[in-house]
Amino acid sequence: MLLEALVDAVLPIKGPRGRPGRPRKRPAKLHGDKGYDYPRCRKALRRLGITPRIARRGIESSERLGRHRYVAERSLAWLVGYRRPQVRYERRADILLGFVYLACALICLKQLNRPKV
């Protein structure tokens, strides 16, 4: 039910400078697991001009989506590495959001300070 709202919330994709044409508003294709294998989801994506790449229930293995899914899962695992946002000690959402921003900043700092191989 929330797939269309999620896709509409995606910010415009900016390509390299000097590229002809306007920047894309939506991605060209969307990868999803078997939880999104419903005709209404596929129709909604096609209506928006997005190619659905969704594993089919009972037919396909969702392992093929692993290489695309790994990026999001890894990023969430880094965020879960900081205990305060994971356990949610804070009752107020603004304080929790501040801790999430702090954790994201620390993750970026670690990536920037990582030695080049």
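# Strands, core and cysteines in a predicted model

From the N terminus on, the protein chain's elements run α-β-α-β-α-α-α. This is a predicted model, in which local features need pLDDT of at least 70 and side-chain atom pairs count only at pLDDT 80 or more, while totals for chains, interfaces and linings use all residues. Residues are numbered from 1 along each chain as its sequence is written, and side-chain values use heavy atoms, with hydrogens and water left out.

Biologist: How many helices and strands are there in the protein chain?

Modeller: Helices (H or I, at least four residues) and strands (E, at least two) are DSSP runs, numbered from the N terminus. By that rule the protein chain has 5 helices and 2 strands.

Biologist: How do strands β1 and β2 run, and how many bridges join them?

Modeller: Two strands pair if DSSP finds at least two bridges between them. Within the pair, L30 stands opposite P52, and H31 stands opposite R53. Strands β1 (residues 29-32) and β2 run parallel, and the number of bridges joining them is 4.

Biologist: Through which helix does the chain cross from β1 to β2, and what is the hand of this crossover?

Modeller: A crossover is right-handed if, with the strands pointing away from the viewer, the path from the first strand over the helix to the second runs clockwise. The chain passes from β1 through helix α2 (residues 39-47) to β2, and this β-α-β crossover is right-handed.

Biologist: Is R53 buried or partly exposed?

Modeller: R53 is found in strand β2. Its relative accessible area is 37%, so R53 is partly exposed.

Biologist: Which residues make up the largest nonpolar core?

Modeller: A nonpolar core is a set of buried Ala, Val, Leu, Ile, Met, Phe, Trp, Tyr and Cys residues joined through side-chain atoms within 4.5 Å. The largest has 7 residues in all: L3, V7, L30, C41, L45, I50 and I54. The elements giving two or more residues to this core are α1 (3-8) and α2.

Biologist: With which residues is C41 in contact, leaving aside its neighbours within four places in sequence?

Modeller: C41 is found in helix α2 and counts as buried because its relative accessibility is 7%. Contact means heavy atoms within 4.5 Å. With neighbours within four places in sequence left aside, the contacts of C41 are L3 and Y36.

Biologist: How far apart in space are C41 and P52, C-alpha to C-alpha?

Modeller: In sequence, C41 and P52 are 11 residues apart. Their C-alpha to C-alpha distance is 8.6 Å.

Note on methods:
Buried < 20%, exposed > 50% of the residue type's maximum accessible area, 1.4 Å probe, protein only.
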